[in-house]
Amino acid sequence: MKKVAFYTLGCKLNYSESSSIARMFEDKGYYKVEFNDKPDIFIINTCSVTENADKKCRKIVREAQKINADGYVAIIGCYAQLKPAEIAEIPGVDAVLGAAEKFRLVELLDTFEKEPVNQTAKILASPIEDAVEYHTSYSLNDRTRTFLKVQDGCDYPCAYCTIPLARGKSRSDTIANIVKAANDIAARDVKEIVLTGVNIGDFGIQNGEKKETFLDLIKALDEVEGIARFRISSIEPNLLTDEVIEFVAQSKRFVPHFHIPLQSGSNKVLSLMRRRYRRELYVERVAKIKSLMPDCCIGVDVIVGHPGETHELFLESYQFLNELDISYLHVFTYSERENTLALTIKPVVPKSERAERSKMLHILSEKKKRHFYESQIGKTGTVLFEDEIQNGQMLGFTENYIRVAVKYDPLLINETKEIQYVNVNESGLMEVMESENYEPAH
C-alpha cells in the first residue's frame, strides 16, 4: 500500500476538508501516515489569508523533499486556486489542484507517479466560477472535537480579502445531509462538533437559491442524540440575529460561545473595508448575548494596519474594544493581497506601525481573557478533556471556552467532567476542582 500524509495550513475549514480527502484515500486502499513517516504521497492543503501562509507552503514542500525526495507532492487549497502557476514553479511540486478539483484528487492523479526531472508540475485548476459543487466534509481522529463544514464560499467583497477568489460563491449543504453527518460523527464517540465554513451565517444557499436558514440548521442539530455540545466557530455580526442568540441561550446542546468578526472598531475603517455593518450593531449583538448568557465567551477578529487606518482611527478602535464586554481577540496584521480593493486605499500603514498596533491588541486580548476567566472563579462548568498534555497536565475547554488544566488522567481523555473554577494560573490556564467538593455558585 502506498502511504499518504497531509499537512494542513490555515483554518478549521481546511482541517475538515483535509480529513475528508484523507478518508477518500483510505477508501481506495492508501495508508494514512504522519508527515515525517516517509510517505509516498504528500498532500499540502494551503491557506492564503496572509503573506506568511504563502511562505509556509514553500517551506513545507522543502521539508517534504527532505523526508522523501521521491515522494509525490500535490498542493491544494486557497493558495493553489489563487496562484497555481506560481506554485507549479516550486521545486519538488508535482501537481496543483484548484477549488473545483481538490475533492477529485484521487481520481485525477490516479497513480501518483512522479514526472521526469525538470518536468513542469501538473496544473488542474479551473476558473473559480467552476467551483459550484458542495462537498460535505468533517474532521475525524485528528482532535477531540470534530470540525463539521456546513457552508463554503463567500459573496461578501471585503476590501482586504481573497477568499471569494479562492473558494467561489456562497453555497451550502442541506440540513438533511448535515444532520446525517452529525449522526455519523456521534456514532464515533465524538463529544463536540464545531460548525465551520467561510460565512456560516449565510447558510442555506443551494444551486444559487436561498432554501434554508442557519436558524433552521441549529434547531435541527440540537435534536441530534449522542453529541454533548455544538459550537459555532465564527459568524458575521449582521447575520447573528436575535433569533439565533435566543435559541442558543435556551438550547440543549449549543454552548455559550460566539466568535464574531469585528475587524475594526472605527466606522470609517469599516466603511473602507466594505464591511456590512457599523460598530453600533456590534454593540447591540454583544449586549443581547450578555443579557441572555452573562457567562458567555465572546471572541473577536480584528485587523490592524488596514490601508486608511490612521493612528487616530486605530486608537478609536482600541478604545472601542477596551470598553466592549468581550473575552479575547484574534488579531490579524493586514498584509497586501493581489486583486483586492484595499491596494487602492491610502494612506498605507508602515509595517513597523502595523506590528506595534498588533502588539498593543495582543496585550489587550490577554487582559480581556484574564478578566473573563477571573469573573468565572467560584462558578461551575463542564470540561471536555483533550488528548493534549503539557507539563504533566491535561488540557480541555469548558462550554464557555475556558481552557482548563488538571493532573493527567488517561481515563479523562474525550470525557466531560463537571468542575468548579478556582484560580487562573501564571500560564493563563484555569485551575479547577471537582464541583462535588463545593457548593455550586448561583
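A residue is called buried when its relative accessible area is under 20%, exposed when that area is over 50%, and partly exposed in between, using a 1.4 Å probe and protein chains only. This is a predicted model, in which local features need pLDDT of at least 70 and side-chain atom pairs count only at pLDDT 80 or more, while totals for chains, interfaces and linings use all residues. Residues are numbered from 1 along each chain as its sequence is written, and side-chain values use heavy atoms, with hydrogens and water left out.

By that scale F35 is buried, at a relative accessible area of 14%, whereas Y7 is partly exposed at 34%. Y7 and F35 form an edge-to-face aromatic pair, 5.5 Å centre to centre with 70° between the planes. Rings of Phe, Tyr and Trp (its six-membered ring) pair if their centres lie within 6.5 Å; planes under 30 degrees apart count as stacked, over 60 as edge-to-face and the rest as tilted. Because Y7 lies in strand 1 (residues 3–8) and F35 in the loop between strand 2 (31–32) and strand 3, the pair ties together parts that are 28 residues apart in sequence. Helices (H or I, at least four residues) and strands (E, at least two) are DSSP runs, numbered from the N terminus. The whole structure holds twelve aromatic pairs, and one aromatic cluster is formed by F6, F25, Y30, Y72 and F112.

Y72 leads on to strand 4 (residues 72–77), where six of six residues are buried. In a regular strand the side chains alternate between the two faces of the sheet. Here Y72, A74 and I76 point one way, V73, I75 and G77 point the other way, and all are buried. Strand 4 pairs in the parallel sense with strand 3 (residues 41–46) over six bridges; strands pair if DSSP finds at least two bridges between them. T46 has G77 as its bridge partner. Strand 4 also runs parallel to strand 5 (residues 95–97), joined by two bridges, and there A74 stands opposite A95.

How many residues does the largest nonpolar core have? It has 57, and those with the most contacts inside it are L195, F214, L221 and L361. Helix 7 (residues 175–186) gives the most to this core, with seven residues. Such a core is a set of buried Ala, Val, Leu, Ile, Met, Phe, Trp, Tyr and Cys residues joined through side-chain atoms within 4.5 Å. Apart from it lies another core, of 21 residues, among them F42, I44, I75 and A121. Leaving aside neighbours within four places in sequence, L221 is in contact (heavy atoms within 4.5 Å) with I178, V179, A182, L195, F230 and F254.

A polar atom of the S172 side chain lies 2.9 Å from the backbone nitrogen of G204.

The backbone has a few local features to check. The peptide bond from K346 to P347 is cis, with omega near -5°, and P347 is in the loop between strand 16 (328–333) and helix 13 (351–375). R274, a residue other than glycine, has a positive phi near 65°; R274 is partly exposed at 44%. N391 likewise has a positive phi, near 55°, and is exposed at 81%.

Notes. A polar contact is a pair of N or O atoms within 3.5 Å; within protein, one must be able to donate a hydrogen and the other to accept it, and residues adjacent in sequence count only if both atoms are side-chain atoms.
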